[in-house]
Amino acid sequence: MSMFNTDIVEKLEAIPTPFYYYDLRILNQTLNAIQQEVQGLPYLVHYAIKANTNTKVLEQIHSAGFGVDCVSGNEINCALNHGFKANQIAFAGVGKSDSEIKFGLEKGIFTFNIESIPELLVVNDLAKSMGKIAPIAIRFNPNINAKTHHYITTGLEENKFGINFWELDSLFEFLRKLDNVNLLGLHFHIGSQITDMSVFKSLCNRVNELQKLFKEKSFAIQHINVGGGLGVNYHEPDMDAIPDFKTFFSVFKQFLDLQQGQELHFELGRSIVAQCASLMSRVLYVKEGIKTNFVILDAGMTELIRPALYQSYHKVENISKQKQESNLKYDVVGPICESSDCFGKAILMPHTERNDLIAIRSTGAYGEVMASSYNLRDKVKAIYHDEI
Ligand code: LLP
């Protein structure tokens with residue numbers, strides 16, 4: 001059953017499109033589900049803020065007591081402005097600029113997740129110049145195939161992320177020599193929208209191997225950070241609104257050998273926020289083509305770039321005509337002057353007409369936050385369930 005009942009549709013139809021419609025009750029249930037799984041365990045979840053920086057979303061995540069994973073100085077600033085404490089902030093990213101590093105040092109963030117040896121040296125130098133010691137975790141590239149879209153795979157040797165295992169000896173040498181960094185943790189992130197849980201099991205095995213090597217060299221490690229990546233069900237957002245956190249966390253419980261006193265950290269983005277929003281759009285025109293009919297929407301790749309960029313699937317629903325059978329095929333496209341501005345081809349929908357309201361589902365993650373002003377489009381608005 002769709003989350004859009006007649007009552008909600010009537011209210012949504014009165015609102016000018018396009019806009020993101022947030023149902024923060026879903027976010028709340030998601031956060032509760034995570035808390036239930038991690039309670040009593042030495043687990044800490046940092047929300048990967050890059051997935052969505054909407055103020056109400058952040059307020060809710062903050063009040064649930066999560067930490068935050070940032071990848072830019074502006075994300076750190078945004079997190080601080082939303083009440084996250086500096087010591088709840090992990091800072092990742094392959095290209096941290098000097099001013100971003102200094103900003104993190106000034107604010108006293110929890111950790112810099114170091115992605116290369118040259119970065120390690122720069123962080124050490126900048127910390128020294130400020131009379132500080134930078135708390136660091138080393139991000140490793142575990143060379144594991146996340147079995148997801150190649151643009152969102154990050155843990156293979158051919159990817160730009162993290163330090164490779166073959167650089168270990170030189171890393172150990174630097175870690176001993178450098179006085180202005182303090183090694184706290186080991187960090188990993190192998191990709192996004194991962195649905196095959198055996199991938200996380202492989203990650204655990206790699207972490208265990210690496211832990212042994214650090215132990216042999218007498219480096220004490222306080223936390224292991226396994227990143228994010230848990231996928232969501234884009235095909236059945238109503239049936240599966242809350243991701244299967246139980247199975248996800250149980251893989252780590254079962255296969256990752258945490259040592260005495262160690263914490264296990266996670267950086268979940270998509271799985272926390274994807275299902276709490278839909279992009280709402282109106283049909284501007286239905287245009288007959290030679291092989292297909294086009295439904296042209298007033299939202300496009302400027303509001304939601306995922307389909308154009310990763311050929312990703314989002315369920316498209318004509319919520320004005322829910323009672324009718326979906327037996328016609330349409331290519332659903334946006335108004336932007338690019339052929340890739342397409343939300344889906346041969347999508348089954350009921351007979352669709354101008355002004356019908358279309359919901360593009362599961363767009364809470366990497367949706368609003370990746371919007372652009374290309375074609376000088378207006379900034380996309382956000383509407384919340386308790387406002388309509
Ligand atoms: N930690 C690190 C270091 C990351 O790079 C990411 C995502 C995450 C955590 C959160 O991963 P998640 O739990 O959301 O899978 N724009 C793409 C996704 C890019 C993900 C980048 N890194 C998309 O729309 O699919």
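1. S362 sits in the loop that runs between strand 16 (357-360) and strand 17 (381-384). In this predicted model, the residue has a positive phi of about 55°, although S362 is not a glycine. Its relative accessibility is 1%, so S362 counts as buried, the limit for that class being under 20%.

2. N143 belongs to the loop between strand 6 (134-141) and strand 7 (163-164). With a relative accessible area of 35%, N143 is partly exposed, because that class covers values between 20% and 50%.

3. A further backbone feature concerns P18. The peptide bond that joins T17 and P18 is cis, with omega at about -5°. P18 is placed in the loop between helix 1 (6-13) and strand 1 (19-22).

4. The chain contains eleven helices and 17 strands. For 388 residues, a compact globule would have a radius of gyration near 21 Å, and the chain agrees with this, having 22 Å. Along the principal axes, the C-alpha atoms fill a box of roughly 70 × 40 × 40 Å. Of the 388 residues, 57% count as buried.

5. K217 and F294 illustrate the extent of the chain. These two residues are 77 apart in sequence, and their C-alpha atoms are 62 Å apart in space. K217 lies in the loop between helix 8 (198-216) and strand 9 (223-225). K217 has 35% relative accessibility and therefore counts as partly exposed.

6. A polar side-chain atom of E267 is 2.6 Å from a nitrogen atom of the ligand. The side chain of Y366 has an N or O atom 2.6 Å from an oxygen atom of the ligand. G229 takes part through its backbone, where an N or O atom lies 2.9 Å from a ligand oxygen atom. Taken alone, the ligand exposes 590 Å², and the protein buries 92% of that area.

Notes. Residues numbered from 1 in each chain as written. Predicted model: local features only at pLDDT ≥ 70, side-chain atom pairs only at ≥ 80, totals over all residues. Heavy atoms only, no water. Polar contact = N/O pair within 3.5 Å; in protein donor to acceptor, adjacent residues only side chain to side chain. Areas by Shrake-Rupley, 256 points an atom, 1.4 Å probe, with all protein chains shown as cover. Helix = DSSP H or I, 4+ residues; strand = E, 2+ residues; numbered from the N terminus. Rg over C-alpha atoms; globule rule 2.2 N^0.38 Å. Buried < 20%, exposed > 50% of the residue type's maximum accessible area, 1.4 Å probe, protein only.
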